[in-house]
Amino acid sequence: FRSEARRIVQEVADEIGWMYETRHESGDLIGVVNVTVWSEVFSCPECGASINFLEEATSDDGKDISKTIVCPSCGVESSKEQMTLQFETHFDERRRVARRRPKRVPALIEYSFDGKSFQKSPDQNDLALLERISSMKLPQLFPQQDFPDCQMTRVGRMKTTEVKSVDDLFLARSAHVLWAIWEKINAVSCAATRRMLLFAVEQTISTGSVLN
């Protein structure tokens with residue numbers, strides 16, 4: 001089990017590990033991204049300016065979230081509920097229609113370099129890499145089933161963020177990596193090892209989704 005797990009992780013890293021590369025400080029040294037923190041973007045109810053939620057709502061130490069936000073453009077103080085969530089339109093290749101999804105921007109990157117952990121704000125290289133990944137088509141067999149009409153989809157976060165299908169729960173990079181691992185596990189010949197590997201990966205799916 002462990003040897004198969006290590007083999008699969010290494011193969012995935014060799015194939016798409018470039019998706020998790022980031023420059024260390026200002027040089028050409030490359031670190032490995034461990035966590036990317038994303039922020040939703042809202043519109044000020046007074047002037048309509050864009051507000052990066054995490055940038056404006058978190059305390060300097062990142063531990064507290066303010067109940068109200070002061071618009072950096074006009075100075076009006078509003079609660080999250082008073083602001084409007086911004087959306088962006090993308091073309092859904094499989095369904096052949098234009099769809100909306102919440103506008104999310106990377107706010108913080110935690111990465112490893114030379115055995116140590118570092119934090120940084122995304123630079124232009126990070127933004128270009130994420131844009132490249134976002135423009136890639138999802139794997140053909142990645143689950144994209146629509147959720148059935150039910151109470152869960154009519155209220156709360158699923159409604160306000162317009163989550164309508166399984167693929168809406170994943171950002172592009174996570175979708176590609178999870179599917180690459182899933183495919184390789186399903187190619188393992190030993191049924192018992194395959195079941196253990198699938199179980200292990202299933203436990204990480206929620207942490208790789210926007211639920212996290």
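## Basis of the model

Contact means heavy atoms within 4.5 Å. The structure is a predicted model, in which local features need pLDDT of at least 70 and side-chain atom pairs count only at pLDDT 80 or more, while totals for chains, interfaces and linings use all residues. Residues are numbered from 1 along each chain as its sequence is written, and side-chain values use heavy atoms, with hydrogens and water left out.

## The pairing of α6 and α7

Helices are DSSP runs (H or I, at least four residues), numbered from the N terminus. In α6, I181, W182, I185 and N186 meet R194, L197, L198, V201 and E202 of α7. By class, this contact has six nonpolar, one polar and two charged residues; Ala, Val, Leu, Ile, Met, Phe, Trp, Tyr, Cys and Pro count as nonpolar, Asp, Glu, Lys and Arg as charged, and the others, Gly among them, as polar.

The axes of α6 and α7, lines fitted to C-alpha atoms over the stretch in contact, come within 9 Å and cross at roughly 165°, with angles running from 0 to 180 degrees between N-to-C directions. The two helices α6 and α7 are therefore roughly antiparallel (over 145 degrees).

## The second largest pocket

A pocket is an open set of points on a 1 Å grid over the protein atoms alone where a 1.4 Å probe fits, with protein on both sides within 12 Å along at least five of seven lines; lining residues have an atom within 4 Å of a point. The second largest pocket holds about 390 Å³ of space, a volume being the space filled by probe spheres set on the points. It has 17 lining residues, of which I8, V9, V12, V177 and I181 are the closest to its centre.

At least two lining residues come from each of α1 (2–16), α6 (172–186) and α7 (191–202). The largest share, six residues, belongs to α1. By class, the lining of this pocket has 15 nonpolar, two polar and no charged residues.

Terms used
Angles under 35 degrees count as roughly parallel, over 145 as roughly antiparallel, 65 to 115 as roughly perpendicular and the rest as oblique.
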